[in-house]
Amino acid sequence: MSMAAESPIMSVKGLARSFGGIQAVNDCSFDVRPGRITGLIGPNGAGKTTVFNVITGFLGADRGSILLRGREILGLSPHQVERLGVVRTFQHLRLWSKMTVLENVLLGCATPAGENVFSLFLRPGAVRAEEARARERAMEVLEFFGLSGRTHEFAEDLAYPEQKLLSMARIFAADAPVMLLDEPASGLDGESLRRIVPLVRKLVEHGKTVLLIEHNMELISELSDDVVFLHQGRVLAAGAPAEITRDPALTEIYFGV
Amino acid sequence: MTAYIAHYLVMVGIYAILALSLNLLIGYSGIFSLAHAAIYGIGAYASALVALKLGLGFWGGMVIAAGVGALASALVAIPSLRVSGDYYVVASFGLQVVVLAVFMNWTDLTNGHAGLPGIPRPNVLGWVIDQPFEYVFLAAAFAVLTYAVCWRLTNSAFGRVLQAIRDDEIAAQAMGKDVVRVKIVIACISSALGAMAGSLYAHYITYINPSSFALHESIFIASLVILGGSERLAGPIVGTFLLLAIPEVLKFLAIPDTVAAPVRQIIYGALLIIFMLVRPEGILGRVRSETEHAK
């Protein structure tokens, strides 16, 4: 298979997770290759968001393994997964709505000294220098996402497409190598879509690896390098987008009969 | 008259520390605690006992009070804040009830209802603070210190994380913040400061008994925060000045003591309800952002 060509940055193996009697994810295995965009697709209820939640430590798994650069991350808590280099967005964005755009991005930047109570009082110089660096970085990120004119507005006061951009800016600021995007295009109109697609491409140019959930098939074909097709918690097919979208059996499952 | 105003100002200083420290939880972290009077009492008893039984002075007593206060809070925070902030309301209520029961029933140590008399006055570099107006400076110094600590905590990356946890805990976790640790740390700092207020109180009044640290006192401290405005650092201070003035004003009206106490409670209750309906953000109201100005 073509996906074995390059050693994966993240490798999901035999993942299973049930809720009561419902098997949301069942023996799910796939690889994410570095520096590429992998699209995770499938009909509603296929288990895509559950997979995201298990990878990022918000849900436990019944069985399986998730290797990040060869290291097991299953069983770690969400903040530990983030610190190892996996960041994510949420379908419902989860911005800090009562905080400003700048603060939302600053929270993505690394500020270990300023977040530590002891160094806050005992090493004010280091804290000040770190905060200045974080602000500089945050402004660069906001520039990159075209939000630098909105710096001091509350996140909740932004228009929806801009909120969506902010949710990506926030995780981009964290400078993690693996970015998980949960439906980056949902709820966007044509013009906003044209703004977001090249941005996701640019993430890869910046050395990021992207795993994204998306329903818009056109977008998946346009954006993804690899596609993983999930159905009833299992991987039905994995490969190039053209192969997957042309497969009539998969199309039938995706759109229903 | 001077002594009278001095007493009011000392109590404002002590309650300002209580309200500021409680606001670190209520306003900045979105954690509601009903145990602040218990923490206040732990500080007062720890400090008094250290002074009476071990002969350690005010300063040693205050340090131990802060430590014991933080420890008591950690014991409750570590199991309950793991789950979710909401459980802390119940857990802190439990702490309040248990601590008060200990004050009342561990008579060998606390002397029960009769309380502990004869707590020494503070000695600052050989100067015994025994006049109310002298104590105003001591209380004010600690209130200013508490304000400075709270300012630093909230106007920083740490303060940003607190607000992020208050706004959306899951997003904070996803961005690599160790939410449980941060909540435990802030609960301990809040309690250490609250226990310091207890120490100040014990060495000021020189006599303590359990009735000063009951549940209604916890609710009173929370009222100072809510009425003053929990979204701004100065809010609890405004609340303290105003609510502590109410009983003093009542004294000037010719109301008998037996009526004054319930009237006071009615006024507090009515104020809380009115504010919840008309101005839930408190007197000082809302500020757009504070950590923006952090340096």
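**Reading the two chains, term by term**

Author: Between chain A and chain B, about 3100 Å² of area is buried, with carbon and sulfur atoms giving 58% of that figure. Buried area here is the accessible area (1.4 Å probe) that two parts lose on being put together, summed over both. W96(A), L107(A) and E115(A) supply 18% of what chain A buries against chain B, more than any other three residues.

Reader: Welcome me in, please: what kind of model is this, and how are its parts labelled?

Author: This is a predicted model, where local features need pLDDT of at least 70 and side-chain atom pairs count only at pLDDT 80 or more, while totals for chains, interfaces and linings use all residues. Residues are numbered from 1 along each chain as its sequence is written, chains are lettered from A and ligands numbered from 1 in the order in which they are written, and side-chain values use heavy atoms, leaving out hydrogens and water.

Reader: What makes residues of chain A and chain B count as being in contact?

Author: Contact means heavy atoms within 4.5 Å. By that rule, 37 residues of chain A are in contact with 30 residues of chain B.

Reader: Why is the pair R94(A) and D168(B) called a salt bridge?

Author: A salt bridge needs a side-chain nitrogen of Lys or Arg within 4 Å of a carboxyl oxygen of Asp or Glu. The closest N and O atoms of R94(A) and D168(B) are 2.9 Å apart, so the pair meets the definition. Between chain A and chain B the count is 3 salt bridges. On the side of chain A that touches chain B, α6(A) gives the most, with 5 residues. That side has 17 nonpolar, 7 polar and 13 charged residues; Ala, Val, Leu, Ile, Met, Phe, Trp, Tyr, Cys and Pro count as nonpolar, Asp, Glu, Lys and Arg as charged, and the others, Gly among them, as polar.

Reader: How many salt bridges does the structure hold over all chains?

Author: Over all chains there are 14. One of them joins R33(A) to D226(A), with closest N and O atoms 2.7 Å apart. These two are 193 residues apart in the chain, R33(A) being in the loop between β2 (22-32) and β3 (37-41), and D226(A) in strand β9 (residues 226-231). Strands (E, at least two residues) and helices (H or I, at least four) are DSSP runs, numbered from the N terminus. D226(A) also forms a salt bridge with R36(A) (3.0 Å, N to O).

Reader: How do you know whether D226(A) and R36(A) are buried or partly exposed?

Author: Buried means under 20% relative accessible area, exposed over 50%, and partly exposed in between (1.4 Å probe, protein chains only). D226(A) has 3%, so D226(A) is buried. R36(A) has 23%, so R36(A) counts as partly exposed.

Reader: Why is S156(B) called buried, and which backbone oxygen lies 3.3 Å from its side chain?

Author: S156(B) has 3% relative accessibility, so S156(B) counts as buried. Its place is in the loop between α6 (132-154) and α7 (157-167) of chain B. The backbone oxygen belongs to R152(B), and lies 3.3 Å from a polar atom of the side chain of S156(B). A polar contact is a pair of N or O atoms within 3.5 Å; within protein, one must be able to donate a hydrogen and the other to accept it, and residues adjacent in sequence count only if both atoms are side-chain atoms.

Reader: What about S218(B): buried or exposed?

Author: With a relative accessible area of 1%, S218(B) is buried. S218(B) lies in helix α10 (residues 215-228) of chain B. A polar atom of the side chain of S218(B) is 3.0 Å from the backbone nitrogen of A37(B).

Reader: How do you know that helix α9 of chain B has a span close to the expected one?

Author: The expected span is 1.5 Å times one less than the number of residues. Helix α9(B) (residues 179-205) has 27 residues and reaches 39 Å from its first C-alpha to its last, close to the 39 Å expected. Of those 27 residues, 24 are buried, so α9(B) is largely enclosed by the rest of the structure. T206(B) follows α9(B) with a positive phi, near 65 degrees.

Reader: What makes α2(B) mostly covered?

Author: 16 of the 18 residues of α2(B) are buried. Helix α2(B) (residues 36-53) reaches 25 Å, close to the 26 Å expected. Just after α2(B), G55(B) takes a positive phi of about 75 degrees.
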